Amino acid sequence: MNDFIEKLKYGEEIASLISTGACHPTQFYEPVNKEAYRFVFRNELDKNHIPVYKQNPSRILNGKSNTSGYALSCFCSKECAEKKYSELLSLYPFIFKSIGDHLSTGILENGDGRITSDTPSGHFDLYEFVDCDLNKKFEILYSLVG
Amino acid sequence: MKSDLGILVDFDFSHLTKVTDLIYFDGPLLSHYIDNSGENYIFYWIDVNSTFNRWLFFRVDLNLLQDFVNKKIPLYDLILNRSELFLYSVDIDTDDQYSNIRLVLTKDLDTSYLPSQKSFYEFKPQSNLSLLALSRKYNSGIMEFRITGDSVNYGSIALSKLAPLIPKIEDIRKDLANKYIKNRRRFLAGDKNAQKDNSKTLALDTQFELVYSLAGSFRLVLRPIGTQTTLIGEKSFSDEFAEEIIKLFNSGFSKESISEFSDKYNKNLIKKYNDLIQYLNTSKLGLDVGWCNNNSQINYAQKISSKQTHEILENLMYLNYDDIEELKYRGKFYSINTHTGAYCFESTEGDDFRSSGFFDEMRKQMALCISFNKIYDVVISRKTTEKVGAKEKIKDVLISFIEAVDV
């Protein structure tokens, strides 16, 4: 198990989930001046930067089976984030009600948590440390909905 | 959330088992399920309010689903161009409670919920999601063989590729099970009652039955025939056996591990492992093996991609099995080279034994005395060198010959 799990904001829940056989990334990295983009709500700030397993209602089917449900989805570039949003919007006309309607950005540092590697589509997960608060770090850029 | 359409109905969701999440972003958005009779269902997220997420779910033909995953049709067609003219909607809360289940005629669907007509699949199915759910459902450990690579589609594989693979996997399981059971019995040897009690359990915990063949590449999902129950967190025989299987698949990635495994088991098992990897290599297939047991909270996994099979075969090539034995035969020499010390000998005992090799230094000096029409009792030192995946090499040295006196 990763030695930093106890430092994570949802470390206990993640450790408990791993012990039941849930999927968990094998490699993590320390973010150093890492540019990150996230989807957020313009008018419901209290819903921002909350991982899916902590949202109410959570979008879960058949229980929790992946620790990424306690992580925050990020993109490494504006273009990657816009592309993913546009793909999701073409499949889910009301996706903005679930994941947000605006794009936000901020710089991630070592003290914020641990990140997974970028996927080919530019997505990575941030597993936040206890004191991480992206509401203070991220600024809202613009609307992603027509 | 839009107002409700259709009529309230009951639906037994306990018959549904999740295969995978086809689209996942901060939670599932499009999920593939299968029911007990093998019918495929899709859950499609459509909306959310402060209490519920709303989903549409519908039965779908696997061919249509494959067309969607292979980007031949958009999601729009997957929902609307089915033979069934209805679907269901359901509201699901944070506690996974299902309510407001409604049967809706497809033609009555609110079109604002529907994806665009160019909504082609640009994602990858999530892996390893369903094993935990299956383990919970069957209250048992679940083993999965996931076949990937050439000619493997979402949920289908050419029979010509699958058919040779199954007996190779079963050969390995059988060999490994025999040895594992022997070792386990030896461990329990001091306790006759425990040995007797555990014999049947061991046999059943090392055999599998097919539960499903699932989509998501092509997946064979198996569970142990045995129903050994253990305390939460306690390792069962089936967990131990699954660990051995996964270790075997993992061993190919290092020469040391293969060698250790070979010492622990036997060369036949390693040969069968080699046969399997050879087959994967020539067929351009990959094989992922996974085990998940929710009761004991144990999970193992090992992936072998088609590209990695070459690396494993190279490691296996280094494994030599040398064997030296002394053979005693009665027969005639039919060729001797006194200069090089080479000889050819054949048995006269009616067993077709032949040997070609060299005399040792002392016998080479005496070879001139040999007569081709006489019968001799010989002792041959035979060294057999066998590389995994290659033909065995035999080296014979004749270390004794005496003219037979009782012919």
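Which elements of chain B cover the buried residues of helix H1(B)? In this predicted model, the cover includes strands E2, E4 and E5 (53-60) and helix H2 (75-80) of chain B. The helix itself spans residues 62-69 of chain B, and its buried residues are Leu65(B), Phe68(B) and Val69(B). Viewed along the axis of H1(B), these buried residues lie within an arc of 95°, and they therefore line one face of the helix. An α-helix has 3.6 residues a turn, so residues three or four places apart point the same way. Just after H1(B), Lys71(B) adopts a positive phi of about 65°.

Five strands of chain B, in the order E15-E16-E17-E19-E18, close into a barrel with mixed pairing. From one strand to the next, the twist averages 50°. Strand E15 (residues 320-337) and strand E16 (residues 342-347) of chain B run antiparallel and are joined by six bridges. Within this pair, Gly331(B) has Ser347(B) of E16(B) as its bridge partner.

Strand E19 (residues 393-403) of chain B pairs in parallel with strand E17 (residues 354-359) of chain B, through three bridges. Here Asp396(B) in E19(B) is the bridge partner of Gly357(B). E19(B) also pairs with strand E18 (residues 376-387) of chain B, in the antiparallel sense and over ten bridges. Asp377(B) is placed opposite Ile402(B) of E19(B). E18(B) and E19(B) form a hairpin with five residues between the strands, in which Gly389(B) has a positive phi near 85°.

The contact between the two chains involves 28 residues from chain A and 35 residues from chain B. On the side of chain B that touches chain A, at least two residues each are supplied by strand E2 (17-24), strand E3 (28-34), strand E4 (40-48) and helix H3 (130-138) of chain B. E4(B) provides the largest share of this side, with five residues. Classified by residue type, the side of chain B that touches chain A comprises 16 nonpolar, twelve polar and seven charged residues. Two of the contributing strands, E2 and E4 of chain B, are also included in the cover over the buried residues of H1(B).

Methods:
Residues are numbered from 1 along each chain as its sequence is written. Chains are lettered from A and ligands numbered from 1 in the order in which they are written. This is a predicted model: local features need pLDDT of at least 70, side-chain atom pairs count only at pLDDT 80 or more; totals for chains, interfaces and linings use all residues. Two strands pair if DSSP finds at least two bridges between them. Helices (H or I, at least four residues) and strands (E, at least two) are DSSP runs, numbered from the N terminus. Two residues are in contact if their C-beta atoms, placed from the backbone, lie within 7 Å. Ala, Val, Leu, Ile, Met, Phe, Trp, Tyr, Cys and Pro count as nonpolar, Asp, Glu, Lys and Arg as charged, and the others, Gly among them, as polar. Axes are lines fitted to C-alpha atoms, for helices over the stretch in contact, and angles run from 0 to 180 degrees between N-to-C directions. A residue is buried if 20 or more other C-beta atoms lie within 10 Å of its own, exposed if 12 or fewer, and partly exposed in between; C-beta atoms are placed from the backbone. The arc is that of the directions from the helix axis to the C-beta atoms.
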